[in-house]
Amino acid sequence: MSHSTILDYLDNPSPRTLGRSPLEWLDRMLKPTVVRVAGRDRSRTRAMATLLHGNEPSGLFALHRWLLEQHTPEVNMLFLIGGVFPAKIPPTFSRRQLPGGRDLNRCFKEPFEGEEGRIAEAMLAELHNAQPECLLDVHNTSGTGPAFAVTITNDAAHQALASLYTERLIMTDLRLGALMEYSEQEVPTVTIECGGAQDEHAHQLAYEGLVRYTSGADVLSLEKAEWDVVVLRNPIRVELAPEATIEYRLEPSGRADITLPPDIEHRNFGTVAPGEPLGWVGEKGLGVLTAIGHNRTENVEKVLRVKNGQIYPAQAIKTFMITTNPLIAKSDCLFYAVKASGEPIF
Ligand SMILES: [Zn+2]
């Protein structure tokens, strides 16, 4: 088997190799790392990626705990630990990506440029070699909030994988170069958002999901699913213009283009009625916001409307992945939305 120089490899690591804590283990990692654990059935492999974002440690914490416990998985396991470099920058687990670097989870498509592109390409080569029957990519959300899964394909296998962790599955047609697009290789692939990076519940869920993922004889059939899965289809992304400003305050200061209340995260997965205000616009109105649907820009006024400087939903909507981190709001998106019924707005 060919080995990449971009990655380090650990086969069936012993507790001594792993250190006593995830931090000790991370300290010992010098590169993005591949961990392989032999299963009872050696003819099959399941894969899991995690730490693609260096500030989202739940998956690594879960993996460290699971490896220390020295389980024998049902099938061979291939673990890919991506964002070792940003995660190691002090304070540990505080950086999504390297300063000046790219978001690794936008690099799983050609051209594989720069350091992150080469890491993504090497990870894809590992998947290609291992031919896993399925792939999970375990993340944390940027704020707090409940866990959910994301997929580009909504079928029984993807729902069954999601149900190892959560009952909420978001299906999107957006293509961003994320690892979950590996689903297009006929390998069921689901992104798991475990909840907030600081949230003990998120770490626990990542661990419990990993135990289910590694111990089940069949993780791809829906009859064995833990929960009924609610599917939210093709959410639109509401993005903030790059030059726009945002503040999280109880009242607008008059300086920002968009103001959202600091507790806006409570809206995650809740239904917002047309009469309920979401926040405030500045002088530029809704012009600083863009609604991105199926790979194209849609009319933001079908999602939001403004009355007396306040933002309301244009119809009853369900909002999620709302961030209160202004950096994420500017570099990624403000929130996602579907109709209250779970159907797409566009
Ligand atoms: Zn992430």
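Author: Arg-65 lies over the face of Tyr-207, at 3.5 Å from the ring centre. Keep in mind that this is a predicted model.

Reader: What makes Arg-168 count as lying over the face of Phe-269?

Author: Part of the test is a distance: CZ of Arg has to be within 6 Å of the ring centre. Arg-168 is at 5.0 Å from the centre of the Phe-269 ring. Phe-269 also belongs to an aromatic cluster, together with Phe-148, Phe-320 and Tyr-336.

Reader: Okay, on to the metal. Which residues hold the zinc ion?

Author: His-53 and His-139 each give ND1, and Glu-56 gives OE atoms. These donors lie 2.0 to 2.6 Å from the zinc ion, and the cut-off is 2.8 Å, so they count.

Reader: Why is the site of the zinc ion called irregular?

Author: Look at the angles among its four donor atoms: they run from 55 to 144°. Glu-56 and His-139, by the way, are 83 residues apart.

Reader: How do you know that Glu-56 is buried?

Author: Buried means under 20% relative accessible area, and Glu-56 has 5%, so it qualifies. His-139, at 2%, is buried too.

Reader: Which residues touch the most other members in the largest nonpolar core?

Author: Among its 40 residues, they're Trp-25, Trp-66, Phe-79, Ile-81, Tyr-165 and Tyr-213. Helix 7 gives the most to this core, with six residues. A separate core has 28 residues, including Ile-246 and Val-281.

How values were computed. Residues are numbered from 1 along each chain as its sequence is written. This is a predicted model: local features need pLDDT of at least 70, side-chain atom pairs count only at pLDDT 80 or more; totals for chains, interfaces and linings use all residues. Side-chain values use heavy atoms; hydrogens and water are left out. Donors are N, O and S atoms within 2.8 Å of the metal (3.2 Å for Na, K and Ca); water is not among the atoms, so sites may look incomplete. Four donors count as tetrahedral if all angles lie between 85 and 135 degrees; four count as square planar and six as octahedral if opposite donors are over 155 degrees apart and all others between 65 and 115; anything else is irregular. Helices (H or I, at least four residues) and strands (E, at least two) are DSSP runs, numbered from the N terminus. Buried means under 20% relative accessible area, exposed over 50%, partly exposed in between (1.4 Å probe, protein chains only). A nonpolar core is a set of buried Ala, Val, Leu, Ile, Met, Phe, Trp, Tyr and Cys residues joined through side-chain atoms within 4.5 Å. Rings of Phe, Tyr and Trp (its six-membered ring) pair if their centres lie within 6.5 Å; planes under 30 degrees apart count as stacked, over 60 as edge-to-face and the rest as tilted. A charge sits over a ring if NZ of Lys or CZ of Arg is within 6 Å of the ring centre and within 35 degrees of the ring normal.
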